[in-house]
Amino acid sequence: MNTSTTAGEKKMYKVKIRTEQKTYPVYLGQKALDSTGQLISAILPPCTALVVSDKNVAAHYGEKCLKSLRDKSFEPFLEVLEGGEKEKSLSSAAALYSRALEAGMDRSSVIIALGGGVIGDLAGFVAATYLRGVPYVQLPTTLLAMVDSSVGGKVAVNHPLGKNLIGAFYQPTLVVADGSTLHTLPEREFNAGLAELIKYGIIWDKKLFERLELSLSNNKNTTPKKHFLEMNCSRLLKHIVSAVIIKGKIVSQDEREKDLRRILNFGHTFGHALEAGTGFHYYLHGEAVACGMAMAARLAALLGILDPLFVQRIIALLKCLHVPPPPLELNRDTVIEALFYDKKKEGKELVFILPVSLGKTTVCKTPPAPLIERVIEEYLGGELI
Ligand SMILES: NC(=O)c1ccc[n+]([C@@H]2O[C@H](COP(=O)([O-])OP(=O)(O)OC[C@H]3O[C@@H](n4cnc5c(N)ncnc54)[C@H](O)[C@@H]3O)[C@@H](O)[C@H]2O)c1
């Protein structure tokens, strides 16, 4: 793993991700999207490029991306999808296969994901399976995609029986994250991405947690998005770089989530149950993870493995994200039922990643049911976040 910056106006960070499957660079900078064509052409020869995006992102950045590719002699064509979680489906993938075939794309062509985690997961899945695998590039435009989904090669579509059930580990050829695209990201989406950033602080990097605490807890008169984008853009970019470095370290040790990579699921066991228990219509993914992290921290305290003072600090920081309160119709039994459908369940055991201090976690299999129920009740009663 290394990071480097180039001097001058267009300061760009470069993080190298090394996995068994592939070593690839992640570039991060303001206006990095303008350099997409140049950065891809350093790795791939000019070719046909299927650019997949959704209507919100394409309206802002589609043309910019196409121009940058054409300037370097690529032959791009843009496929604009409606967007949203429903897009992560086999039928959306099938439509993209058809477009790629009609355009005569072969194994030397490239697929480019311009958007958030939905577009990245879907386009990555199509790249992993079209002609048994073609190169793909991630151009993440949400904070969540920049700090998490665009790096590490997990690509998937959903099945009616659950999220991300049909997929692969398939690493991108290149990732280019342009921090300036976050200006158009809705505030709620921005906060959901911050939850994933906070996650890295809790599971791996105490200093990152403390830097985020300093930024967010001390600036309650403004929103996190305003705080970062209007006053502290360069600081946000550094936080994103920190997250990418951490994710790179984790996936380079455990690309296929056999062991260490599972810590990235911190907050996801409860979070996924909240999402599933509300039919995936109420929470944004990052919001559910934020609630799940608060619940996991509380569970760790009840188990006596985490100092209650840390729980307070974790919850205080997560509160800065203004996650919507639990919906009135959500009850304890629905959440418990959804917990047991979690695909991370190993055999009959329920697996939780729990913090033991800031920056360190442990794996906890099937903690006592009364404690799980208590945490759910506290959350639903509005006592946690
Ligand atoms: N592969 C992984 O490792 C991984 C990790 C975490 C999450 N995920 C997946 O990521 C998905 C969630 O991703 P997401 O939160 O990025 O959601 P998303 O892709 O749906 O994007 C959120 C919304 O923001 C809009 N948007 C995106 N960028 C924008 C911009 N710059 N300006 C204006 N609007 C913009 C989109 O159109 C969309 O409406 C889920 O499906 C989740 O399962 C995958």
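This is a predicted model: local features need pLDDT of at least 70, side-chain atom pairs count only at pLDDT 80 or more; totals for chains, interfaces and linings use all residues.
The protein is divided into domain 1, residues 3-184, and domain 2, residues 188-380. Taken over C-alpha atoms, the centres of domain 1 and domain 2 are 26 Å apart. Contact between them involves 30 residues of domain 1 and 33 residues of domain 2.

The size of an interface is often given as the accessible area lost when the parts come together. For domain 1 and domain 2, the buried area is about 2,700 Å², and 68% of it is on carbon and sulfur atoms. On the side of domain 1, the residues that lose the most area to domain 2 are Leu143, Val147 and Lys163. Together these three account for 23% of what that side buries.

**Polar and charged links between the domains**

Side chains of opposite charge can pair when their charged atoms come close. Four salt bridges are counted between domain 1 and domain 2. There are also 11 residue pairs in polar contact between the two domains, counting pairs with both residues at pLDDT 80 or more.

Which elements of domain 1 each supply at least two residues to the side that touches domain 2? They are the strands β2 (12-18), β3 (23-29) and β9 (162-169), together with the helix α5 (143-149). Helix α5 gives the most, with six residues. By type, the residues on this side of domain 1 divide into 13 nonpolar, 12 polar and five charged.

**Around the ligand**

There are 25 residues around the ligand, and Asp54, Glu85, Gly117, Thr142 and Thr184 come nearest.

| Residue | Ligand atom | Distance |
|---|---|---|
| Threonine 141 | nitrogen | 2.8 Å |
| Threonine 142 | oxygen | 2.7 Å |
| Lysine 163 | oxygen | 3.2 Å |

**Salt bridges in the whole structure**

The structure holds 23 salt bridges. One of them joins aspartate 121 and lysine 88, with the closest N and O atoms 2.9 Å apart. Why does this pair tie together parts that are 33 residues apart in sequence? Aspartate 121 lies in helix α4 (residues 117-129), while lysine 88 lies in the loop between β5 (75-81) and α3 (90-102), so the pair links these parts. Another salt bridge is formed by aspartate 148 and lysine 199, whose closest N and O atoms are 3.5 Å apart.

**Two residues with positive phi**

Most residues other than glycine have a negative phi, and most peptide bonds are trans. Serine 73 has a positive phi, near 70°, and is found in the loop between α2 (55-71) and β5. Leucine 131 also has a positive phi, near 50°. Leucine 131 is found in the loop between α4 and β7 (136-140).

Technical notes:
Residues are numbered from 1 along each chain as its sequence is written. Side-chain values use heavy atoms; hydrogens and water are left out. Domain bounds come from an automatic or database domain assignment. Contact means heavy atoms within 4.5 Å. Buried area is the accessible area (1.4 Å probe) that two parts lose on being put together, summed over both. A salt bridge is a side-chain nitrogen of Lys or Arg within 4 Å of a carboxyl oxygen of Asp or Glu. A polar contact is a pair of N or O atoms within 3.5 Å; within protein, one must be able to donate a hydrogen and the other to accept it, and residues adjacent in sequence count only if both atoms are side-chain atoms. Helices (H or I, at least four residues) and strands (E, at least two) are DSSP runs, numbered from the N terminus. Ala, Val, Leu, Ile, Met, Phe, Trp, Tyr, Cys and Pro count as nonpolar, Asp, Glu, Lys and Arg as charged, and the others, Gly among them, as polar. A residue is near a molecule or strand if one of its heavy atoms lies within 4 Å of it.
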